[in-house]
Structure formats: structure tokens, C-alpha cells
Amino acid sequence: MSTKPRREPRAYHPQFNSPDADVILVSSEDTGYRVPHFTLRNTCGFFRGLLSTHNSSLVQPELGDRSFGPIFDVDEKNKVLTKVLSMICGLHSDNWESIDEADDAILLAQKWDAPGPLSIIRSSITAPMFLADPLRLYAITTRQGWLEETMLASTQTLSLNLYDEEHRPTLEKMSASRLMALFRLHRDRRDRFKTFIDSDAIFDAGNAEKYLCPGCGEEMNNHTWRELKTRMFMEMDRRPLGDTLCGLEMEDWPEFIACWEAKCQKADCGRLCYDKLSTLRDIKNCIERLPSHV
């Protein structure tokens, strides 16, 4: 920010052009914003110090100039400056255009030490339009130390494969600790799920070392269950949320079909090896027991 003398801005923003406002902020796009000095001093630590410490050296306009207060050049463009000043002056609405706009507003509010705008942004940062970009939301909320919002954002990332190339730019901007916490959540869900589906206490028909057909006592071959487990593990690695398991998409898997069609091989038996409904219920219960956030 600069306090050097300058001419009036090219134009004034229509929301910030009151003659009663005695400080003029000029955006990087040469648009002027008239703001009362007491508003800036009471809402922003930066301006509180600036207007107190440098009061005697603030630039005053020439006689006859209709801008009768100090003029400050700021580095921000109109969009972000309008957003933050609207929040400071009580004019803000939740009409965000993108998560980039919200992030820019956060950075400016931090630069100005303006807790009011930060609180307003935090209250709306988990709106659906922001949750649609959960990795970016996770990066923002972890940077701000917003714990509850971070947990929600991390949960929303479970529908993503973090190894997809499209996510690299966002992931590379995160700190190592934040990135590792997210990867750990995804990996833990996958690995704990594998532990559950390998358990003979939960899935005795498929995992017991020697499981006998309840109908005839013949030892059963569990290769179809093992193949389904491998496919489910791969799916959890791809999409740790687990919502594609037990759903319509899973119905089309060859491993899924083969598992529920598997029968006892004894000629006069032919009993189904697995109870589809109870097994799917147990799989769903396993998914619900997995960690859901960082």
C-alpha cells in the first residue's frame, strides 16, 4: 500500500462514493473507494495503526479537489476489494462467484487484520459451491486453522483419487503435514476396510480356513469371494468414500456376479455359497466404521 500523492481515481465505485467518507482507497484498476476513517480504524488492525501512526503525514488533496481525505493505493483488484469493504461496512451478501474469490478475500482480510470479514467468510465457507472443490477447501481451512471446516473438507475429499493428475496443482501447494494427513486418511480407510473384509469373525463363510457347506458338509471353494475382496480393495483405493460398494455400480462387476452365483460343487447339493443380502449389509457396516475425517 502506498500513501504517495496522486490524482483522483479514474472512477469511484457506486457503493463507495459517499461524500461523508473521508478516506479514499484506490484499487489496482484505478477505481476509488470512499470509506469513513472510523470504520477502517474500528474494523482493521492495519488501518488502526496506519491512521494513528502516520496521521500527520497522510496526503491531503489539493484545494478544490472533491476527494477531501487521504488517498491510499492498494494492490487488490476491484472484485476482492469490493467484497472485503462490503463486509467491513455491513453491505455483504453471500453471493460468491467462486472459491478463488473467497480465498482472495481471506488473504486481504488477513493482510488488513480484519477479523470481521474472516468470521463472515468462515460462516459460509462450507456452502455447497465450496464443498464442490474439497481439496481447495481443505487447503484453505487448514491454512486458517479452522478445525471443524477442515474435518468436513477432508470428508468430502474421500470421493476423489488423490493420485489423479488433475489434483496435482492443488496438492503441491499444501504443506507437507497437511498433505500427509489427507493421504493418511485415504490410506487408513482403504487398509482398515481390507482388515475388516479379511476377518473370519465378520465374513466366516468366505474367510474361514475350512468352511463347510451348511447343506451337505462339503468343503467350499472361496475363490469368488477372494476375487470380490480384491476388486473392493482396489475400488476403495480409487474412491475411499466407499459409496460405490453395495451400490448399483457394483452390481455390474463380474466379480460381484460370480460371487453371488457361486454354489456348492457337490452334485446333489448346489447350495449358494454366500448370503448376498447379509454379506452386503456387513460390507456396508464395515464402511461405516471407517475413519471419516482428519
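Helices here are DSSP runs of H or I with at least four residues, strands are runs of E with at least two, and both are numbered from the N terminus. The model is a predicted one, in which local features need pLDDT of at least 70 and side-chain atom pairs count only at pLDDT 80 or more, while totals for chains, interfaces and linings use all residues. Residues are numbered from 1 along each chain as its sequence is written, and side-chain values use heavy atoms, with hydrogens and water left out.

Several residues of H15 are buried, among them Leu 280, Ile 283 and Ile 287; buried means under 20% relative accessible area, exposed over 50%, and partly exposed in between (1.4 Å probe, protein chains only). The cover over the buried residues of H15 includes helices H10 (176-197), H12 (223-238) and H14 (254-261). At the start of H15, the backbone nitrogen of Leu 277 has a side-chain oxygen of Asp 275 within 3.2 Å.

Confidence comes next. The average pLDDT (the predictor's confidence in each residue, from 0 to 100) is 91 for the chain, and 92% of the residues score at least 70. Over residues 56-67 the pLDDT is below 50, and this stretch has 24 contacts in the model beyond near neighbours in sequence, a contact being heavy atoms within 4.5 Å.

Aromatic rings are also worth a look. Rings of Phe, Tyr and Trp (its six-membered ring) pair if their centres lie within 6.5 Å, with planes under 30 degrees apart counted as stacked, over 60 as edge-to-face and the rest as tilted. The count by this rule is 9 aromatic pairs. Phe 16 and Tyr 33 form a tilted pair, because their ring centres are 5.6 Å apart and their planes stand at 50 degrees. Phe 16 lies in the loop between strands S1 (11-12) and S2 (23-26) and Tyr 33 in strand S3 (residues 31-35), so the pair ties together parts 17 residues apart in sequence. Both Phe 16 and Tyr 33 are buried.

Phe 46 and Phe 47 have ring centres 5.2 Å apart and planes at 85 degrees, so this pair is edge-to-face. Phe 46 is partly exposed at 32% relative accessibility, whereas Phe 47 is buried at 0%. Ring pairs link Phe 46 and Phe 47 with Phe 72 and Trp 112 into a cluster.

Note on methods
Polar contact = N/O pair within 3.5 Å; in protein donor to acceptor, adjacent residues only side chain to side chain.
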